[in-house]
Amino acid sequence: MKITFTLNSKDVSVESSPDARLIHILREKFGLLGAKEGCLQGHCGYCCALLNGELVPACMLPVFSVFRGSVTTIEGFRETPDFTDIEKGFIQAGVDPCGYCASAKILTAHKLLEKNPNPTEAVIRKAMAGIVCRCTSYSALVEGVKAAAANRRVRSHGKYR
Ligand code: FES
Ligand code: FES
């Protein structure tokens, strides 16, 4: 079956079994390796991408579900000023996520800041709870998201709020 969709702002199509997992299509057919294969059961968050602007686990989505939709991976998101705000915020707070969770943490922070430009620690912890990570401090991650939020507010409003 030919599946057409938008991938990182480009129209694409792929021949695939309709029930192939989106994560495999992204990685194997398009060479987009930012989203990782972790549990493949919807638990770890490492595979996340944006589908029509919403955060989704790409391991749980059959590729037919993106037909005529719009998928953004970390590779596409990297080109946006929103990414730069988060990258800078993470650096400011000393957050250095590994290759497995970086895409998930950045896209999750982005979606959180879209809905809540000034999230509390509790809200940030809740948003990040879906990403399995036992190797870095969640306190630093909270500070990183707060710094990212401040960066985004400054860019959006021209001053610190
Ligand atoms: S690989 Fe998709 S949630 Fe773990
Ligand atoms: S899983 Fe990536 S830093 Fe912990």
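I checked α5 against α6 first: they are roughly perpendicular to each other (65 to 115 degrees; under 35 is roughly parallel, over 145 roughly antiparallel, the rest oblique), because the axes of α5 (residues 121-128) and α6 cross at roughly 110°. Those axes come within 10 Å. Axes here are lines fitted to C-alpha atoms, over the stretch in contact for helices, with angles from 0 to 180 degrees between N-to-C directions. Helices are DSSP runs (H or I, at least four residues), numbered from the N terminus.

This is a predicted model: local features need pLDDT of at least 70 and side-chain atom pairs 80 or more, while totals for chains, interfaces and linings use all residues. Residues count from 1 along each chain as its sequence is written, chains are lettered from A and ligands numbered from 1 in written order, and side-chain values use heavy atoms, without hydrogens and water.

Contacts next (heavy atoms within 4.5 Å). From α5 I noted E121, I124, R125 and M128; α6 brings Y138, S139, L141, V142, V145 and K146.

Then I looked at α4 (residues 102-115) with α6 (residues 138-157): the axes come within 11 Å and cross at roughly 50°. That makes α4 oblique to α6. On the α4 side I listed K105, A109, H110, L112, L113 and E114, which meet L141, V145, A148, A149 and R152 of α6.

Last, cysteines. I found zero disulfides (cysteine sulfur pairs within 2.5 Å).

Technical notes:
Helices (H or I, at least four residues) and strands (E, at least two) are DSSP runs, numbered from the N terminus.
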